[in-house]
Protein chains: 2
Amino acid sequence: MTRLAIADVLKGKAAIGSTVRIQGWVRTAQVKPTFAFINVHDGSGFHPIQVVAEDKLNNFQNEITKLTTGCSVDITGEVVPSPGKGQSVEIKAIEVKVLGWVENPETYPISPKPHSLEFLREQGHLRARTNVIGAVTRVRNCIAQAIHRFHHEQGFVWIASPIITASDCEGAGEMFRVSTLDMVNCPRGADGKPDYSQDFFGREAFLTVSGQLNAETYAMAMSKVYTFGPTFRAENSNTSRHLAEFWMVEPEIAFADLAGNADHAEAMLKYVFKAVLEERLDDMEFFAQRIEPTAISRLQTIIDSNFERMDYTEAVKILQASGQSFQFPVEWGMDLQSEHERYIAEKHVGRPVVMMNYPKDIKAFYMRLNDDGKTVAAMDVLAPGIGEIIGGSQREERLELFDRRLKEMQLPVENYWWYRDLRRYGTVPHSGFGLGLERCVAYVTGMQNVRDVIPFPRTPKSAEF
Amino acid sequence: MTRLAIADVLKGKAAIGSTVRIQGWVRTAQVKPTFAFINVHDGSGFHPIQVVAEDKLNNFQNEITKLTTGCSVDITGEVVPSPGKGQSVEIKAIEVKVLGWVENPETYPISPKPHSLEFLREQGHLRARTNVIGAVTRVRNCIAQAIHRFHHEQGFVWIASPIITASDCEGAGEMFRVSTLDMVNCPRGADGKPDYSQDFFGREAFLTVSGQLNAETYAMAMSKVYTFGPTFRAENSNTSRHLAEFWMVEPEIAFADLAGNADHAEAMLKYVFKAVLEERLDDMEFFAQRIEPTAISRLQTIIDSNFERMDYTEAVKILQASGQSFQFPVEWGMDLQSEHERYIAEKHVGRPVVMMNYPKDIKAFYMRLNDDGKTVAAMDVLAPGIGEIIGGSQREERLELFDRRLKEMQLPVENYWWYRDLRRYGTVPHSGFGLGLERCVAYVTGMQNVRDVIPFPRTPKSAEF
């Protein structure tokens, strides 16, 4: 008999009175004199299903009464209406096969009591068996699938930007070296430095910090592309918002200016949040109950609202006139801090804001210079409750201005030969942005630490499992 | 006026007589005395659209007659029936705006003449502008999207297996080290070896060779999961089939035995190939014409056929009785070579074969021992025209047998503590496999070298762009 997902049984996909087979793990088992309640979970949705096993089953005494949390079972039974609340059906067992026991229930790490998230991180190989990490895993999947679907429907082409890069021009943060050289007897050149010509790639190589520059090359042929892959930062930041390895979505759109870029970001966030509320309401109800009371309502607000567009310069005026005392006093030219972003999004506007046109001196070399000569066509999407969730820009497509900017920033023009080629051969206005998947999942679920929204977090001094 | 994708115009999404706006790059331009033909491409499909620009346009002499391959244009015009063959509509230009010129058409690398694939690899930032790499890019995207969609529809959860790993137990190939230690003055321990406790992760860390073991931990909670991410091999293999960085899909299915695993592999390949023929027939027609005559027909054959299941032991008998002279003589216990696999799939069976139950001595430590004590529940999917395209197995879920195997292979049990925990706590039968995305794209398109089916290939002595 074919296995049914428990979520499907709970959704009523099998008629009352029909026989079904489920397979999963015991969440809780409660033994009464003549029967047992077994709550079984298989990861297909938030809720386990209740199975009633009566003592006439031939392994009732031997096995069923000995079931504990974490045991694996293969159960065939009849779908019956449930008298309990919170579920419409349950299963009356015809056969309960025990597939795997828990070696020592007393020391099983995922016992049915509350565990701290810190403790669960140490149990990275088992923590998906908990309500909270299971729900995160399904929501994360839902978000990732929605991102792919949205871009595919819009005619975007997924591009695998390279993970290993020898490019000197990304410049977005500290990098990890990738090497096969012997660390003990590292071959040296005449200058005493490591001789990377003997390394695997024949040159010094690193893990990418962003796929943007590579994605731009493909946007100049396919028009609309996006990357969705891992990126890396070797920063020694032990915070709840930083990972050394994280997943990033980076659309790059030929022929789009900053306004088109902002429209795409807004449409994408709405599409993704809508998918979460439609497909994973079970998990979101849990987050709203236990983690972040506004988890559902704030997504709905974003879906329903028009994102405000605001210039950086206007925001500075608003902040200065706000009468608020900020930790960092506001003046034109500074990078806005989280306190400022949140004041604008939460207090002043009350809905998401696309902040645009930042001072060029606080932004990256590839951003397009505005006509005022002082600002660049950069944007950040600020969401109430988190601040910046997306950062992007229109790219400088004019070779002369790009070269001038390199010079200003004292960046070596020869490193950018292929990036400059895009400006020499059929250049077009183009824009793009980056969305960190983990920050997005953390925002959606209300989880406070990004280490809890990626299966196996990599952080300073930690690369477990 | 909103931009339309050229593929949509060619598909008839804009009515004859309506005005449309397209943006893209000139493929070819042909100037006649009173008008010009401009073929414009935007990556949205295989075919460019023909634009007819008459000399009454005010920039005809100044600009339009000077257009060359690679220039970027923004064109508004009327959709008219095309008298030319191979296309039903063309555009009669109302306005031709030139966005970007080609600096020196004589030296523009992507001139409209045939280029070798080797030359195009050196132009990795521009090669997506060619017919062949553009088509590969769209087919690759179609395959990736179909893989996500298929698994999502089947209730699988996408898992980000870690890219950086300190795990000693993957054992699938040579690894790249990931480090931030100073190579020149590498800190040493008392034993003279590098002191990795001072490294970023506090221990020696590598790039993953497979996400399987991590995926298994999530399958033991979510039931059906898959990874889809980059994996790495630091092997010095300079062949047309090897990349140092490649993308892999690895489903892992709790409660599935080897037969269920084979069924999933067959269903996935059929789903993906069907999506390619439905969504990318334009590109596939190009591959059939120019690269591999059977490109379309062999996919159709696979979609229509039932994959044969065959035991390794039976295959050995068939090969020995075949009367063929193989380079590697066949005997039970050996790893089958490509020549053997292709004989079975192409000559003996004539359709895809799932080869199962291989000698344990040629297979990995985690594969499930069969009752004969000699073979393990491993499988390879062999496709006509390529040989092995998928490799997988049922995993050893029985702790005692797993431990015995570790001992046999002299692997240190302590490295596998978390993998063993999965067998101690609610173990279940489970299976999975791996599909290399690049080998799949190469097979579908008929491209002979995997370096041409990934945007920026990483190989020994090469990590360009």
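Trainee: Which side chain does the side chain of B:D74 join in a polar contact?

Mentor: This is a predicted model, and the pair in question involves two side chains of chain B.

Trainee: Is B:D74 buried or exposed?

Mentor: B:D74 sits in strand β4 (residues 72-81) of chain B. Leaving aside residues up to four places away in sequence, B:D74 touches residues including B:R21, B:I22, B:E95 and B:V96. Its relative accessibility is 6%, and the cut-off for buried is under 20%. Therefore B:D74 counts as buried.

Trainee: Which strand of chain B pairs with β3(B) over six bridges?

Mentor: Strand β3 covers residues 49-54 of chain B, and five of its six residues are buried. Its parallel neighbour is strand β5 (residues 89-100) of chain B, joined by two bridges, with B:V51 opposite B:I91. The six bridges belong to an antiparallel pairing, in which B:F37 has B:V52 as its bridge partner. That strand is β2 (residues 35-41) of chain B.

Trainee: How much area is buried between chain B and chain A?

Mentor: Each chain brings 117 residues to the contact. Carbon and sulfur atoms give 62% of the buried area. On the side of chain B, B:M183, B:F200 and B:Y425 supply 9% of what that chain buries against chain A, more than any other three residues. The area between the two chains is about 9,200 Å².

Trainee: Which residue of chain B forms a salt bridge with A:E464?

Mentor: The count between chain B and chain A is four salt bridges. In the one that involves A:E464, the closest N and O atoms are 3.2 Å apart, inside the 4 Å limit for a salt bridge. The residue is B:R203.

Trainee: Which element gives the most residues to the side of chain B that touches chain A?

Mentor: Across this interface, 43 residue pairs are in polar contact. The element asked for spans residues 131-153 of chain B and gives eleven residues. The side of chain B as a whole divides into 60 nonpolar, 33 polar and 24 charged residues. The element is helix α3.

Trainee: What is the bridge partner of A:S179 in β8(B)?

Mentor: Strand β8 (residues 177-179) of chain A pairs with strand β8 (residues 177-179) of chain B. The pairing is antiparallel and has three bridges. For A:S179, the partner in β8(B) is B:R177.

Methods. Residues numbered from 1 in each chain as written. Chains lettered and ligands numbered in written order. Predicted model: local features only at pLDDT ≥ 70, side-chain atom pairs only at ≥ 80, totals over all residues. Heavy atoms only, no water. Helix = DSSP H or I, 4+ residues; strand = E, 2+ residues; numbered from the N terminus. Buried < 20%, exposed > 50% of the residue type's maximum accessible area, 1.4 Å probe, protein only. Polar contact = N/O pair within 3.5 Å; in protein donor to acceptor, adjacent residues only side chain to side chain. Contact = heavy atoms within 4.5 Å. Buried area = accessible area lost by both parts, 1.4 Å probe. Salt bridge = Lys/Arg side-chain N within 4 Å of Asp/Glu carboxyl O. Nonpolar A, V, L, I, M, F, W, Y, C, P; charged D, E, K, R; others polar. Pairing = 2+ DSSP bridges.
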